[in-house]
Every structure is written in structure tokens, then in C-alpha cells.
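Thanks for coming, everyone. Let me put the structure up, and then I'll walk you through it.

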Amino acid sequence: MFLPVFFFLSILISPTLANTLSDFCVADLSLPNGPSGYPCKDPKRVTADDFVSSALAVPGGNTRNIYKSTINDINNEQFPGLNGMGISMLRGDLEAGGVSPLHTHRVSELLVIEEGTIFAGFIDTNNTAYYKTLNKRDMMIIPPTLLHFFINVGSTPALTYSFFPSDNHGVQIDGFALFGGNLPSKLLNNITLLDHAEVQRLKKLFGGTN
Ligand SMILES: *[C@@H]1O[C@H](CO)[C@@H](O)[C@H](O)[C@H]1NC(C)=O
Ligand SMILES: *[C@@H]1O[C@H](CO)[C@@H](O)[C@H](O)[C@H]1NC(C)=O
């Protein structure tokens with residue numbers, strides 16, 4: 001009786017223990033980031049403050065922008081204690097009518113509605129869209145890497161939290177990726193089928209060059 005229970009527990013526990021040689025790896029932000037995160041800060045210099053953050057208390061910026069929304073990304077850079085922990089999050093603030101525009105992350109996202117009413121959706125690789133209106137405390141899971149969006153369809157500001165199984169989930173917003181960077185306008189005509197005038201308008205709107 002005792003043995004199987006112990007055996008079962010050890011199966012549950014051992015992957016974490018087996019995969020790590022130390023309890024924590026607070027990011028040393030003075031060294032370069034790599035595929036498995038930042039190098040660890042010297043454990044002798046780690047304090048309780050390294051495991052605590054108040055970053056969630058404030059929006060990521062103001063919502064006076066084209067999308068009437070802002071995100072406060074909290075990954076291993078903003079919160080070095082997350083480094084190596086396989087988890088990160090973000091806070092989303094959306095005015096009434098505000099939009100979190102079409103974007104992707106490297107990993108799955110668990111969206112939680114803290115305040116407001118959010119119309120949320122994603123599009124799978126078969127081009128099928130899944131969308132739903134979410135209310136306070138509702139959750140939605142967005143599969144890894146798929147395009148998704150959120151819209152505040154309520155009449156009051158919305159507050160959302162998103163959790164990610166990665167120290168640094170990465171955010172790529174399609175509008176900025178296409179029109180906010182250095183992709184040449186001519187190339188954008190080809191790959192989006194938008195005409196020259198529309199490409200120029202979007203380049204200006206998103207602040208792109210070329
Ligand atoms: C893919 O989408 C089409 C409709 O566009 C649908 O008929 C088909 O069942 C979908 N396949 C899967 C695997 O979801
Ligand atoms: C883009 O399309 C134009 C014509 O529509 C063509 O002349 C040009 O070669 C294309 N550019 C690339 C990089 O394929």
C-alpha cells in the first residue's frame with residue numbers, strides 16, 4: 001500500500017528535481033539572454049526582493065493609441081525571479097471599444113478576465129476561427145503560436161491577466177511586424193496584395209521605414 005503511493009509520488013516529483021540542479025536562477029540582466037534564459041545571478045547576492053514584483057499594479061502605458069489598449073508584459077526581464085521558472089504573464093488594459101490586435105506568442109496563453117467584457121478569439125491552422133464573449137472571471141485558453149485577438153465590447157474599461165508557460169512568452173503584433181518595421185513597401189505590396197497607397201498609409205500609421 002505504502003510503496004505504490006510513494007512510487008506514484010516520486011514519479012510526480014522527480015521530473016522537476018531531475019531537470020534542475022538548483023532551486024532558482026534569478027536573471028542576471030547584465031549578461032546576454034539566451035535560448036534558455038539569462039545566466040543566474042550569484043546566489044549569494046539573491047534576496048527575497050528578487051522573488052517579488054509589484055509590476056502588475058500598473059498598466060503598461062496609456063491607452064491613447066490607435067488600439068485604445070496597452071499591455072504590461074511581465075517576463076524574466078521585468079521580473080528577474082521568473083528566469084528559469086517556466087512561467088510569465090501580462091496585464092492587459094483596454095478602454096471601451098479597445099482592441100488587443102491580431103498577435104501571436106511562442107507559447108499557449110491562459111486569458112483571465114479580471115474586469116469587463118471581452119470578445120476573444122483565435123484562428124487555427126485550418127483557418128477556423130474560435131471566438132466567444134467572456135465576462136469577469138471567465139478564462140480562455142489560446143493554443144501556442146496561433147493568431148488571436150481581444151476586443152473590449154463592454155462600456156467600461158477592461159482588465160485582463162494572461163499566463164504563459166514560458167519565462168519569456170514573446171509577443172508579435174501583426175500590424176507592427178508588417179508595417180512598423182523595415183520591410184520594403186514594394187515587398188509588402190507583393191506579400192499582402194494591398195495596393196501602394198494602402199501600404200503607405202499603414203507604414204505611416206505604424207511608423208515603419210522603407
Ligand atoms: C477545416 O475547415 C473546414 C472548413 O473550412 C472544415 O470543413 C473542416 O472540417 C476543418 N477540418 C478540421 C480538421 O477541423
Ligand atoms: C512584386 O510584384 C511585382 C509586380 O506586381 C514584381 O514586378 C516584383 O518582381 C515582385 N517582387 C518580388 C520580390 O517578387
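Ground rules. This is a predicted model, where local features need pLDDT of at least 70 and side-chain atom pairs count only at pLDDT 80 or more, while totals for chains, interfaces and linings use all residues. Residues are numbered from 1 along each chain as its sequence is written, chains are lettered from A and ligands numbered from 1 in the order written, and side-chain values use heavy atoms, leaving out hydrogens and water.

Domains. The assignment gives domain 1 (2-170) and domain 2 (171-210); such bounds come from an automatic or database domain assignment. Their C-alpha centres are 28 Å apart. Twelve residues of domain 1 and seven residues of domain 2 make the contact, meaning heavy atoms within 4.5 Å. Between them the domains bury about 710 Å², with 68% of it on carbon and sulfur atoms. Buried area here is the accessible area (1.4 Å probe) that two parts lose on being put together, summed over both.

Now the sheet. Five strands form an open sheet, ordered E6-E5-E8-E3-E10, with antiparallel pairing. The edges are E6 (129-134) and E10 (172-173), each pairing on one side only. Strands are DSSP runs of E, at least two residues; helices are runs of H or I, at least four; both are numbered from the N terminus. Two strands pair if DSSP finds at least two bridges between them. E5 (118-123) and E6 share six bridges. Within that pairing, Phe119 has Thr133 of E6 as its bridge partner.

Next, the disulfide. The count is one, taking cysteine sulfur atoms within 2.5 Å as the rule. Cys25 and Cys40 form it, sulfurs 2.1 Å apart. The link is left-handed, at -105 degrees about the S-S bond. Both cysteines lie in the loop between H1 (2-18) and E1 (69-74), so the pair ties together parts 15 residues apart in sequence. Cys25 is buried, at 15% relative accessible area. Cys40 is partly exposed, at 41%. Buried means under 20%, exposed over 50%, and partly exposed in between (1.4 Å probe, protein chains only).

Last, helix H3, residues 185-192. Which residues of H3 are buried? Ser185, Leu188 and Asn189. They cover an arc of only 105 degrees around the axis, which puts them on the same side of H3. That arc is taken from the directions from the helix axis to the C-beta atoms. The buried residues pack against H2 (174-179) and H4 (196-206). On the other side, Lys186, Asn190 and Ile191 are exposed. Just after H3, Leu193 takes a positive phi of about 65 degrees.
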